[in-house]
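I opened a new notebook page for this chain. My plan is to start with the overall fold and then go to single residues.

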Amino acid sequence: MMKKFITVLLALVMSAAVFVGCSDPFKEEEENTEGKVTIQVGVLGTATEQEAFRKYKNGFQEKYTNVVVQQVQLPGGYSTAMDNFVATGNFPDVVFTPGDQHAAYSSRGHFLDLRTFDEADDTFSFDGIYPELIDTTHYNESDEGIWFMPRDYNKVVTFVNKDMLALVPGENGQMYAGYGSFEELKKAWNTEPFYEVCAAVLKKIEANEENPDAVTDAEKKAGLTKGTNVVDARYNWSPVYEAMIRHYGGKMIDTSKLAGDATEWAQVLSVDTPETVSAYKNLYKELSKPGYIRQSLASGGAAAFPNKKAAFWFTTRPSLGDVKAANATFTVEFLPFPYDYVGVGCSGYAITKKAAERVSEYAEVKAGTTEKMTNADYAWEFVKYIASEDGQNAFGELGMGVPSLMSMKESGEWLKYGGKELNHKAFVDEVEGQQTMAVNDIFCFPATAQKTVSENSISIMTYVVKDGFWPDDLTVDAGNRTHYDKIYAKIDQYKNVMMTRIEGSLNV
């Protein structure tokens, strides 16, 4: 009987296909495949994903000596690679899958529902995985399919350049923006102290810009120099921006407006309601207008914090890979996301429909039958290994993943990375007064429209942080379209694109 899961949240995560140097990240040593089953796994070319794959591959092949796991390149990013597989029909047996991008493929039958394997396997249960992660494996609100194996628990937190804050004085003269120590700052941490620290960091950076000769070597080494931002806020990523918008009383998708066949999708897509525009305004007024964030993400991107060009970074545990790749020389610490809402997402691995059609000449016979195991059966063993304690610990050795297994919340290799004294609990502990939010509300739209909704929502966010789209007087009610004509014009532009796609998807 299918297990029932509690719906909580989310989506996200996340990953950019940035290749390392000019070398081929997919080049592997030749392996002896004679007499062995071979399964292929589609992998992104990021340094983190390459390291993770090798960990999984080596650990799995130690247990299953009759199977060789080979990687297949996913060039040009996830959706580009997947669209190419759809066009050619040449899917690998397993494919890496971000939780917020699978719906366009799982909903069209390209992936296998993992419930079938689970129900036939007494050695495994999805009940051990965070239910909010299971929720991301569905492709819409009514779907109960589990279309990929969740690998990691990616809650948004605040990465901290601890060395930088140790050199930032508060009004009382004490460092850590007046709190005296990281531990005291951690005790006080929420939205108000966050903005208070932002102001102190900006003041120090501006003072150093005005008087560069007075900047100490320690301040230079920590990054308190010209060009440094206070926060790399990732305001172009749903688990971050949707949480901040809800903190200020808005929401970009209003699922309470769903009404079955009578749904008015323009109301569900609530990017232009007075409440949501008011949230944009407050986000601009509190975070962007004071100068705490860069108002354009056209350059720098994820390189800001790892290269000491931001004191804070709103991101998830896998971003430690970017810090590692940058050979960072500062101390990284972690604090919770400082708002009343927080997004959680995951990535994982899906078994493709094509895998069920492939049978190796070296495949074993299924227990109790005369049928040979398909590549999908071997793929199940592989993704099951990823979600095992051994697989989670293998990934945890890289320091970049929080286990998807609830039983490993307070145990495992992931807690050792960087030292046990670090505030690893920021990634898993519940914060009093903070709500983990359902950023997978995008699943309420037709699967083929979800990418358009996501991309154009991001476009809206890149404008709501810019000075040029807001008047000087922000005291006027946000529902006044005439007063806020520039920002409403941009919102309307992108909403029209989204609505055209949504309505087109409904009519297919």
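My entries follow, grouped by topic.

**Ground rules.** I am working with a predicted model, where local features need pLDDT of at least 70, side-chain atom pairs count only at pLDDT 80 or more, and totals for chains, interfaces and linings use all residues. Residues are numbered from 1 along each chain as its sequence is written, and side-chain values use heavy atoms, with hydrogens and water left out.

**Overall fold.** I looked up the secondary structure and found 17 helices and twelve strands in the protein chain. Helices (H or I, at least four residues) and strands (E, at least two) are DSSP runs, numbered from the N terminus. The radius of gyration is 24 Å, close to the 23 Å from the globule rule for 508 residues, so the chain is as compact as a globular protein of that length. That radius is taken over C-alpha atoms, and the rule is 2.2 Å times the number of residues to the power 0.38. Along the principal axes, the C-alpha atoms fill a box of roughly 75 × 55 × 40 Å.

Next I checked burial. Buried residues make up 54% of the 508 residues. Buried means under 20% relative accessible area, exposed over 50%, and partly exposed in between, with a 1.4 Å probe and protein chains only. I also checked contacts, meaning heavy atoms within 4.5 Å. Of those with a separation of 6 or more, 73% join residues 24 or more positions apart.

**Helix α2.** Which residues of α2 are buried? In this helix, residues 78–88, they are Y78, S79, A81, M82 and F85. Down the axis of α2 they fall within an arc of 160°, so they line one face of the helix. The arc is that of the directions from the helix axis to the C-beta atoms. I noted the general rule: an α-helix has 3.6 residues a turn, so residues three or four places apart point the same way. The buried residues of α2 pack against β2 (67–73), β3 (94–98), α3 (103–106) and α16 (447–464). After α2 comes G89, with a positive phi near 75°.

**Nonpolar cores.** A nonpolar core is a set of buried Ala, Val, Leu, Ile, Met, Phe, Trp, Tyr and Cys residues joined through side-chain atoms within 4.5 Å. The largest has 78 residues, and F126, I129, M149, F159, I351, W380 and F382 touch the most other members. Helix α14 (residues 375–386) gives the most to this core, with eight residues. Apart from this core lies another, of 77 residues, including L165, A177, V439 and M498. I then followed I351. Rings of Phe, Tyr and Trp (its six-membered ring) pair if their centres lie within 6.5 Å; planes under 30 degrees apart count as stacked, over 60 as edge-to-face and the rest as tilted. By this rule I count 39 aromatic pairs. F60 and Y64 have ring centres 4.5 Å apart and planes at 25°, so the pair is stacked. F60 is buried at 1% relative accessible area, whereas Y64 is partly exposed at 25%.

F305 and F330 form an edge-to-face pair, 5.3 Å centre to centre, with 85° between the planes. F305 lies in the loop between α12 (274–288) and β8 (310–315) and F330 in the loop between α13 (320–325) and β9 (332–336), so the pair ties together parts 25 residues apart in sequence. Both F305 and F330 are buried. I also found a cluster linked by ring pairs, with W189, F194 and Y195 among its members.

**Charges over rings.** A charge sits over a ring if NZ of Lys or CZ of Arg is within 6 Å of the ring centre and within 35 degrees of the ring normal. R234 has its charged end over the ring of W237, 4.2 Å from the centre. The charged end of R317 sits over the ring of F427, 4.8 Å from its centre.

Most residues other than glycine have a negative phi. K308 is not a glycine, yet its phi is positive, about 60°. K308 is in the loop between α12 and β8. N327 also has a positive phi, near 55°. N327 lies in the loop between α13 and β9 and is exposed at 60% relative accessibility.

**T228.** Where does T228 lie? T228 is in the loop between α9 (217–222) and β7 (229–232). At 7% relative accessibility, T228 counts as buried. Leaving aside neighbours within four places in sequence, T228 contacts M164, I205, G223, K308, K309 and A310.
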